[in-house]
Amino acid sequence: MASNTRKGRIPYKTTGMGEYVDEIYSLGGFFGDWAHLYRRHNLAHPLRWSDDRLMYSGLDPAGLAATDATDPRGTPLRLLEGDGVAVLLSQRAAAMPFAEKNVDAHQIRFYHRGRFRLETELGPLETKPGDFVVIPRGLIYRETPLAPEGNVVYVFETEAPIQLAETLWDSVGYASLLVDYSEMEIPEPAAGEDPAAAGDAEHELRIRYDGGWHSMTYGFDPCRDVIGWVGDAVIFKMNVWNVPTTGTSHGHLTPPSGAVLWGEDRAFFFNALSVPPAPRVPPPDGSFGAPSHLNDYDELWLNHASQTAPQTEGHLWLLPRTLPHPGLKRAAGPPSDAGPIRTMKINFDTKAALSWTEEARAALFADPLTAKYTSFFGVPLEAAPENVRRRAGHDGARS
Ligand SMILES: [Fe+2]
């Protein structure tokens, strides 16, 4: 639909900022119809709510323990579940004593902390923090941490096949300007020319099938058996720091502009968002940061790296489709000469209605409204709006 409707008073440009809260209402996960509203109050700041599912919520994984942290045969901890989507936390300290196959779901394994050797049916990969590996359903892999301490892997499981988001940029051409997919690393078969590579010992394959764990035994190692393959890059590794974050001279771009991967039928999009270029246009026409906004997808956010608030790294947030996210629009400052800012957020927006599991719910921040600023945005409470500071019992004085 053409975006040509204007009603009431438009106090400043949609990209700018001024005395009103501006909020984007959008459909279809930011891809559909939208309206930019200028309002007096922020709908993201309710006084109270009848059910926590209506509210955004976040957690620090430091308080959680997956069984694979202490037991090599353990499993990742399921944090969020929804129709065709699950998000899991793995803290694996020791090598998998089996190979593994997920029949139910495709995976994006996001390596937040730790280094791993990831053997796959098609060959091995080495991973470091910021890497993500796409493993389609049915392909076999075996994960071995290179050190036991501090490992954190977030696993995004999806029923929808995972695709490169380059098709999003078809209309502007030159997709490599945005994400250079030729930077992906594709495994080389591990068996090579050694006929004994797969051995003749028994190897267990742990299988995720129909929601349960099962196993199958082979008389060889399925991760050292393939000598060659041709075809599509069905399994690959990329790194979030190689994903450029786009910007405009005036202000904000929607999250899908940072999409690296997306699901068939737009079931989800997976974004890597570092700090965008500082817009050069001052208020009232320009601004920096997202306005308050609402879309009809559930939004999941992970603070992978935060230069200014390292205590928030690893924090995971669910922003449900029921209410706007408050936004943190501010005046664009002059370009900094402090060098690159090492801040990276991972964003997974999905059609699925996600719910925290019981284990995850126990770790949620007590007051999501204040934590939204201190954890999600990683700013001191002094930077939150006055009503939020008051709620936290803060005197509101800037220090
Ligand atoms: Fe959002």
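Is strand 11 (residues 140–145) mostly covered or mostly open, and how many of its six residues are buried? Five of the six are buried, and the strand is mostly covered. Here, buried means that 20 or more other C-beta atoms lie within 10 Å of the residue's own, exposed means 12 or fewer, and partly exposed is in between, with C-beta atoms placed from the backbone.

Before going on, a word on what you are looking at. This is a predicted model, in which local features need pLDDT of at least 70 and side-chain atom pairs count only at pLDDT 80 or more, while totals for chains, interfaces and linings use all residues. Residues are numbered from 1 along each chain as its sequence is written.

Let us stay with strand 11 and look at its partners. Strand 8 (residues 116–120) pairs with strand 11 in the antiparallel sense over five bridges, and Leu118 has Glu143 as its bridge partner there. Strand 6 (residues 99–102) also runs antiparallel to strand 11, joined to it by two bridges, with Glu100 standing opposite Tyr141. Two strands pair if DSSP finds at least two bridges between them. In a regular strand, side chains alternate between the two faces of the sheet.

Now step back to the whole chain. It holds three helices and 23 strands; these are DSSP runs, H or I of at least four residues for helices and E of at least two for strands, numbered from the N terminus. Buried residues make up 41% of the 399 in the chain. Along its principal axes, the C-alpha trace spans about 75 × 45 × 40 Å.

The chain is divided into domain 1 (21–40 + 240–330 + 340–391) and domain 2 (61–161 + 171–188 + 197–238), with bounds from an automatic or database domain assignment. Their centres, taken over C-alpha atoms, are 27 Å apart. Across the boundary, 32 residues of domain 1 are in contact with 29 residues of domain 2, where contact means C-beta atoms, placed from the backbone, within 7 Å. Among the elements giving two or more residues to the domain 1 side are strand 17 (259–263), strand 18 (268–274) and helix 1 (358–361).

The largest nonpolar core has 74 residues, of which Leu79, Leu80, Val260, Leu261 and Phe270 touch the most other members. Such a core is a set of buried Ala, Val, Leu, Ile, Met, Phe, Trp, Tyr and Cys residues joined through C-beta atoms within 7 Å. This one draws at least three residues from each of domain 1 and domain 2. Leaving aside neighbours within four places in sequence, Phe270 is in contact with Ile108, Phe156, Ala259, Val260, Leu261, Trp262 and Phe348.

Finally, some backbone details are worth a visit. Phe30, in the loop between strand 1 (21–26) and strand 2 (34–39), has a positive phi near 80° without being a glycine. Phe30 is buried, with 22 other C-beta atoms within 10 Å. Asp210 also has a positive phi, of about 55°, but is exposed, with 8 other C-beta atoms within 10 Å. A cis peptide bond, with omega about 10°, joins Pro283 and Pro284.

Key: Two residues are in contact if their C-beta atoms, placed from the backbone, lie within 7 Å.
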